[in-house]
Amino acid sequence: MTDHPREALRRKKDSSMRRAIDLVKSHDAHACVSAGNTGALMATAHFVLKMLPGVERPAIVSIIPSRTGHTYMLDLGANASCTPAHLLQFAIMGSVLAADLEGAHERPRVGLLNIGEEEIKGNEIVQAANELMAAADINYVGFVEGHDIFSGRVDVVVTDGFTGNVALKAIEGAARLITDTLREELTRTTLRKLVH
């Protein structure tokens, strides 16, 4: 788990992860799942399997619960920094994934995570990505904020891997806090009833 992705790629050519990815390349497997180092998995898959035309970088995606079911969010850690073109590619990949998995949504609603919904907000990369997405053949609804991940307003939320990973860890931490607090409160209430 502590191997740098570049070192894992160069020196661990016979690892279980590399063997699994090689099986996908040779069509002896349809997919590869790993509990190992995510960076090593992404680097090895990128090197062995290559990228689809028009896609420069892979993205990590997850399904986040929302008021209307769930939201697909990407990138969640594969790319700490991205160009506007990368964010557009993630939007297209997320839209295709959501449409394929959901079936009912032929044109999933895509939002770009930002510090506000107003057109003037965000850094230069987010502003440029906003323009690219608005001109692309996707159902782009514009900027969304963190609370929109759960609101059901969009089907896909796009961001860079740094911001996405921070958001994901915050979501996981909040969920753990709520679960632990409920468990403690239910235990305390049950104990009170037994004492009385």
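Student: Which residue in S5 is the bridge partner of Leu112?
Tutor: Leu112 has Val158 in S5 as its bridge partner. Strand S3 (residues 109-113) and strand S5 (residues 156-158) run parallel and are joined by three bridges. Two strands pair if DSSP finds at least two bridges between them. Strands (E, at least two residues) and helices (H or I, at least four) are DSSP runs, numbered from the N terminus.

Student: Before we go on, what kind of model is this?
Tutor: A predicted one, where local features need pLDDT of at least 70 and side-chain atom pairs count only at pLDDT 80 or more, while totals for chains, interfaces and linings use all residues. Residues are numbered from 1 along each chain as its sequence is written, and side-chain values use heavy atoms, with hydrogens and water left out.

Student: Thanks! What is the strand order in the sheet?
Tutor: The order is S1-S2-S5-S3-S4, an open sheet of five strands with mixed pairing. S1 and strand S4 (139-144) stand at the edges with a single partner strand each, so one side of each has no neighbour in the sheet.

Student: And how do S1 and S2 run, parallel or antiparallel?
Tutor: Antiparallel, with six bridges joining S1 (residues 61-66) to S2 (residues 69-74). The two strands form a hairpin with two residues between them, and Pro65 stands opposite His70 in S2.

Student: New topic: at what angle do H2 and H3 pack?
Tutor: Helix H2 (residues 16-25) and helix H3 (residues 38-49) pack at about 35°, with axes 10 Å apart. Axes are lines fitted to C-alpha atoms, for helices over the stretch in contact, and angles run from 0 to 180 degrees between N-to-C directions. The residues of this contact divide into nine nonpolar, one polar and three charged. Here Ala, Val, Leu, Ile, Met, Phe, Trp, Tyr, Cys and Pro count as nonpolar, Asp, Glu, Lys and Arg as charged, and the others, Gly among them, as polar.

Student: Which residues of H2 are buried?
Tutor: Met17, Arg18, Ile21 and Val24. Buried means under 20% relative accessible area, exposed over 50%, and partly exposed in between (1.4 Å probe, protein chains only). They line one face of H2, because they fall within an arc of 115° seen down its axis; the arc is that of the directions from the helix axis to the C-beta atoms.

Student: What do they pack against?
Tutor: Helix H1 (5-11) and H3, where contact means heavy atoms within 4.5 Å.

Student: Last one: is Asp148 buried or exposed?
Tutor: Asp148 counts as buried, because its relative accessibility is 3%.
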